[in-house]
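Hi,

Here is the structure I promised to pass on.

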Amino acid sequence: MKYDISDNLFIQAYESAPFGIGVYSLDEACWLKCNPFFCKTLGYSQDELTGMADQNLVHREDYPIATHPLTAAALAQPDVSPYHLENRYIHKNGAVVQLSLHVSLLAGHTGQASTLLLVQALDVTAQRKEEERLRDSERKYMTLLEASLDWICTHKPDSQTTIAYSSPCCRSILGYEPGEMIGLNKLALVHPDDYKSVERYWSGRADTQSEAITFRIRRKDGEYIWLESTNRYMYNQNGQIEEIISISRDITEQRHAEKLLKESEQRYKSLFDHNPAAVYSMNLDGDYLTANPNLHKLTGFTLDELIGMYWGPLVHPKDLPKTLYHFGLAKEGYPQSYDLTIIHKEGHLVEINSTNIPIIVDNEIVGVYGITSDITERQKYIEEIEKLSQEYTLILNAVSEGIFGLDAEGNAMFINPAGAAMLGFEAEELIGQSYLGMLQQTFPCDSQLPTEENAIFRAIRDGHSYHSKEAVFWRKDGSSFLAEYTVTTIVDKGIHKGAVVVFRDITGEKEIIRAKESAEKADKAKSEFLAIMSHEIRTPMNGIVGMADLLAETELSEEQQSYLDIVLQSSYALIKILNEILDFSKIEAGKMEINYEAFQIRHVLDSVLELFTPRAIERGIPIACRIDERIPDMIVGDPGILRQVLVNLVGNAIKFTEQGQITVIVNLTAETNRNEIVIEFLVQDTGIGIAEDKQSQLFQSFSQLHPTINRKYGGTGLGLAICKKLVELMGGAIGVESVENIGSTFRFALPFSLYSSSELNNLELEDKSLSVRSSLPSQHQQYGPLRILVADDHAVNRLLLHTLLRKLGYEADSVENGAEAVRAVKKKVYDIIFMDLQMPEMDGLEATAIISQLYSHSDKQGPSIIAVTAFAQEEDKEMCLRAGMQDFISKPVYAPHVERVLKQWSPYTAKK
């Protein structure tokens, strides 16, 4: 059969069509012909597909039982051609193929209805899968939106930020239904303080749209909550922002938790950084991870050196096993506290207490905390306490007095051996037993006291101390003895716990007491004798020295001057001996007192060196002084005693040194606390030295080591004994190091108090004012026009005072006793009275009392009465001041003493 060109084109189109073409017979219910694409779509060849029933190809769910789908489609729409339907077909390999079918009825023959269908088939399997995927994705998206705990919304990028969509989570976060949110102005819900920071993001003006922002937003109930939000801009085809998507989550609880965490971290940081102890953390290997500055102070290592360092090298080897043991237990979860010794970076040892605490994270031990304190001082205290406890026991066992303790019920808690021996008991018999039931106390008249009247019982009951000089105690065997005892209550936090009784047997002390009283009378008589001798000797000495001084100022021949020098030297030596005897007597009697005052130690040293420099130059012996620069210029102590000791030692050094030199060295040796220092004084010479076997006698009274030497150099043998007693009186110690024919070093150490800066400033101001006054030019009667009276029964003393006063530009009236002084005061007004104490008819003390009485009811100022006496002891001075005198000078009287009195007590000077 021949085909024309049009037929060929049709055949080519049929064979090459990119879609399936087939003819289906309704009568035969099978495919009559299918093009290659149709066959390829279903995986069959043309021969296999031709004649195959369609029901074998269509998916069961798309094949109605009663009617073939193609037939049903043709019958349902007979007048519609072509018509469309979609069926799922089963590929030859079993796969499902979705076909979109376009069905047309072919024209029948001779007007009969056609039973042939022209079917065009398109494979839409991939398209339908994609559509299903999109639908599934949309379902998932909506499910996520509804299930998300974040609030997702969209709004327009306009000034109203109108909400277009709100996820259901707005119910729990903001209290709104999603429908209520639509159309709301989103910015209107933002807290005013956060508005500006949020507005630029929601208006589309932010540079970085993905940046998270935090802000407060108002819930439906009016409460503000914190949200954290990220934004995404949706653009249209023109690149303009069409919509803004915001994803927000409620961080109110998170913010609160962060605040609490921050506070907790700050508290931990404060506890860590400002803890007075060293606080640190370690890993399980014992390496330091963190540490506060106190660990640096404790160990000497810097924090940079400590971090990453193993603790082992710090521990003293003796404590390393113990430390490893405790650290191991801490790693197992058991907190540990223990004492150990570590080695400081500088090499010295430090006693510490260390607490190790396991660090637990998620029920797992990840490290160890350490808290360490320096207990070096505490250990010293404990050792000191233990030492004191041992000493207490030794003392308790060694003392001769009986000591026993009682509890609140009167039961014996302890008793020392001496007490048990005096009472005739063994200690074990008394401990825990009622003392009051076993031992009775009686009056000296031998009448027994009832228990409730017993002084010891009353002391325990009432909580007060009691002392009895004489009481009768009974021993275990029934004998008694006379006792002196003291009861001291034991109080703990205000509660009376018992009492301690200290007693001693005084049965044999009556004779001792009488001997003591006799010795005291003898000592008093000795003191009175020394006082009288002082007065009787000093009175003529005053005349001798005073007149010799005046004679030295007249014109004398060389021979006369040499004789006068001998007289003066002998007088000064005699006064020195007299002073040493009086000082020694005063010290022996316990009447020497320390006068604490602020003074400049360098001034004292300068005055001592100034005193001996002429003599040292005369002998060709250089004298030098070295003072430790650390010693403060102003200290508190007794400058008089210090000067007396230095004068004695430097004087001895010059006396016993023929050649060489003398050096005074002053060192700061200790600072016992913030307010006290210890200063050591050394007086070194290159003199004759002292044999080693003689050095022990140096500080004994009236000790003269070698008669020949002492005859050559002179002296009473009291100087060093007085020095020793004066140094010890001030709480110091003195000693000597000497080599015969080489030289000696006398050293003594004394404690002094520090002088406060405010007092020092005041003193400096006073010194400046004094220096200004002292710089004024001297003139005739420079202390003002003074009316002066001299009261003394000794003519030489009166003449001496008159002469000294004339040299200062003053004349004075004179009387010979106290009664005449009183009459003179009644007749004439005096500014200053020099009053002797020992005078006939009326002594100076009585006269002073009467004169003071005369001015007691007067508006006028009475005269300044100055004691002039040979009684040179401190108690004599105090007696004069109590009697109403204003000042005190001792005989022999020197010109500087008189000038000082005029300067200090002149009314003119006082006004200036």
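Below is what turned up, grouped by region.

Some ground rules first: this is a predicted model, where local features need pLDDT of at least 70 and side-chain atom pairs count only at pLDDT 80 or more, while totals for chains, interfaces and linings use all residues. Residues are numbered from 1 along each chain as its sequence is written, and side-chain values use heavy atoms, with hydrogens and water left out.

Five of its five residues are buried, so E31 is largely enclosed by the rest of the structure. Buried here means under 20% relative accessible area, exposed is over 50%, and partly exposed is in between (1.4 Å probe, protein chains only). Ile832, Phe834 and Asp836 point one way from E31, with Ile833 and Met835 pointing the other way.

E31 has parallel partners: strand E29 (residues 788–791) is joined to it by four bridges, and strand E32 (residues 864–869) by five. Two strands pair if DSSP finds at least two bridges between them. Phe834 is the bridge partner of Val790, and Asp836 has Val868 as its partner in E32.

Strand E24 (residues 634–637) is another buried one: Met634 and Val636 point one way, Ile635 and Gly637 the other, and all are buried. Its pairings run antiparallel, with four bridges to strand E22 (residues 597–600) and two to strand E28 (residues 743–754). Ile635 figures in both: Phe599 stands opposite Ile635, and Leu754 in E28 is a bridge partner of Ile635.

Thr161 isn't a glycine, yet has a positive phi of about 40°. Thr161 sits in the loop between strand E6 (151–155) and strand E7 (163–166), and counts as buried because its relative accessibility is 0%. Asn741 isn't a glycine either and has a positive phi of about 70°. The loop between strand E27 (733–739) and E28 holds Asn741, which counts as exposed at 64% relative accessibility.

Last, what about helix H13 (residues 376–398)? Glu386 is located there, and at 46% relative accessibility Glu386 counts as partly exposed.

Cheers
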